[in-house]
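User: I've got this one open on my screen and I'd like to talk it through. Could you take my questions one at a time?

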Amino acid sequence: MCRISSTLRTQADDKDKSRPSGDEDGYLRLRDAIVRGELAPNQRLVEADMSSAFRMPRAAVRTALVRLEHEGLVEREPHRGARVRLVTEHEAVEMLQARAALEGLAAREAALRITRQTAAEVRAVLARQRAALNGQDLLGASDVNAELHAKIVDLSGHATAQRLIHSLNSQMVRFQFRTILIPGRPTQSLEEHAAIVDAVTAGDADKAERAMRRHLTNVAKALASSHEQAAGAGGRRR
């Protein structure tokens with residue numbers, strides 16, 4: 001039986017001090033633990049362990065697991081319980097392709113709604129990504145990358161796109177840093193983000209949508225290529 005680590009238990013306790021209690025709070029904390037990777041893909045989610053770690057009644061745990069299953073974060077099997085859903089590389093590529101369409105729409109809407117203040121905010125995020133890459137902080141740059149995407153999606157004001165994009169991103173947490181580590185990809189990513197920011201802040205909706213679609217399509221291609229190369233190398237080692 002897979003037990004919850006003392007570190008995760010401590011993190012849950014810390015969050016208890018800063019958030020209101022209740023079943024909704026327990027669901028959100030359990031969801032956050034999955035999205036951040038504290039609960040690993042394929043890890044069994046034993047109700048008794050979850051109840052203890054997140055200070056939730058067993059009934060609240062069961063309800064949370066049903067909600068998380070609907071979000072694609074958890075898989076539940078009869079007589080075997082629940083586990084964190086493992087997203088394959090193939091699924092991740094498909095999700096990126098879906099994000100390309102959705103975030104293209106979001107970039108278009110953001111460009112139409114941009115103001116002088118929000119344009120400055122978007123440029124500031126891009127500047128931090130550039131600084132992280134110049135300092136060879138690839139993981140930091142990846143974090144800022146996610147922040148830039150979230151900023152543009154937020155500025156779009158498109159509630160449906162925001163909800164769908166949020167769901168897709170939650171399922172892709174373990175791929176967050178994968179593409180930034182591919183040789184040559186950091187420089188290309190920065191150039192693509194600069195094109196997106198230039199179009200959005202200029203209020204050019206058509207160009208913003210094309211730039212975002214191009215960027216996420218390239219990310220999908222890079223991830224697929226990286227997976228194929230890794231699979232080929234594994235086959236040769238055998």
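User: In what order do the elements of the protein run from the N terminus on?

Analyst: Keep in mind that this is a predicted model. The protein has ten helices and three strands. Reading from the N terminus, the order is α-α-β-α-α-β-β-α-α-α-α-α-α.

User: What share of the 238 residues is buried?

Analyst: A residue goes in the buried group if its relative accessible area is under 20%. Of the 238 residues in the protein, the buried ones make up 43%.

User: Among contacts between residues at least 6 apart in sequence, how many join residues at least 24 apart?

Analyst: Here we're looking at contacts in the protein between residues at least 6 apart in sequence. The part of them that joins residues at least 24 apart is 74%.

User: In what order do the three strands sit in the sheet?

Analyst: Strand 2 (residues 74–77) and strand 3 (residues 81–84) are joined by four bridges and run antiparallel. Two bridges join strand 1 to strand 3, again with the strands antiparallel. The sheet is open, and its order is 1-3-2.

User: Which residue of strand 3 stands opposite both Arg 76 and Leu 45?

Analyst: Take the two partners in turn. Leu 45 has Ala 82 of strand 3 opposite it. Arg 76 also faces a residue in strand 3, and that residue is Ala 82.

User: Which residues make up the covered face of strand 3?

Analyst: In a regular strand the side chains alternate between the two faces of the sheet. On strand 3, Gly 81 and Arg 83 are on the uncovered face. Val 84, which stands opposite Val 74, is on the other face. The covered face is Ala 82 and Val 84.

User: Which residue in the hairpin turn has a positive phi?

Analyst: Most residues other than glycine have a negative phi. The hairpin is formed by strand 2 and strand 3, with three residues between them. In that turn, the residue with a positive phi of about 70° is His 79.

User: Asn 42 has a positive phi too; is Asn 42 buried, partly exposed or exposed?

Analyst: Asn 42 sits in the loop between helix 2 (23–35) and strand 1. Its phi is about 75°, although Asn 42 is not a glycine. The relative accessibility of Asn 42 is 38%, so it counts as partly exposed.

User: What about Gln 136, buried or exposed?

Analyst: Gln 136 is in the loop between helix 6 and helix 7. Gln 136 has a positive phi of about 60° without being a glycine. With a relative accessible area of 63%, Gln 136 is exposed.

User: Are helix 6 and helix 7 roughly parallel or antiparallel?

Analyst: Helix 6 (residues 116–134) packs on helix 7 (residues 138–156) with the axes 8 Å apart and at an angle of about 165°. Angles over 145 degrees count as roughly antiparallel. So helix 6 is, relative to helix 7, roughly antiparallel.

User: How many nonpolar residues does that contact of helix 6 with helix 7 have?

Analyst: Helix 6 brings residues including Val 122, Val 125 and Leu 126, while the helix 7 side includes Val 144, Leu 148 and Leu 155. By class, the contact of helix 6 with helix 7 has four polar residues, four charged ones and, for the nonpolar class, ten.

User: Which residues does Ser 170 touch, leaving out those up to four places away in sequence?

Analyst: Ser 170 belongs to helix 8 (residues 159–171). Its relative accessibility is 6%, so Ser 170 counts as buried. Leaving out residues up to four places away in sequence, Ser 170 touches Arg 31, Val 35 and Leu 73.

User: How far apart in space are Lys 221 and Gln 97?

Analyst: Lys 221 is in helix 10 (residues 205–237) and is exposed, with a relative accessible area of 55%. In sequence, Lys 221 and Gln 97 are 124 residues apart. In space, C-alpha to C-alpha, the distance between Lys 221 and Gln 97 is 9.3 Å.

Definitions and conventions. Residues are numbered from 1 along each chain as its sequence is written. This is a predicted model: local features need pLDDT of at least 70, side-chain atom pairs count only at pLDDT 80 or more; totals for chains, interfaces and linings use all residues. Side-chain values use heavy atoms; hydrogens and water are left out. Two strands pair if DSSP finds at least two bridges between them. Axes are lines fitted to C-alpha atoms, for helices over the stretch in contact, and angles run from 0 to 180 degrees between N-to-C directions. Angles under 35 degrees count as roughly parallel, over 145 as roughly antiparallel, 65 to 115 as roughly perpendicular and the rest as oblique. Contact means heavy atoms within 4.5 Å. Ala, Val, Leu, Ile, Met, Phe, Trp, Tyr, Cys and Pro count as nonpolar, Asp, Glu, Lys and Arg as charged, and the others, Gly among them, as polar. Buried means under 20% relative accessible area, exposed over 50%, partly exposed in between (1.4 Å probe, protein chains only).
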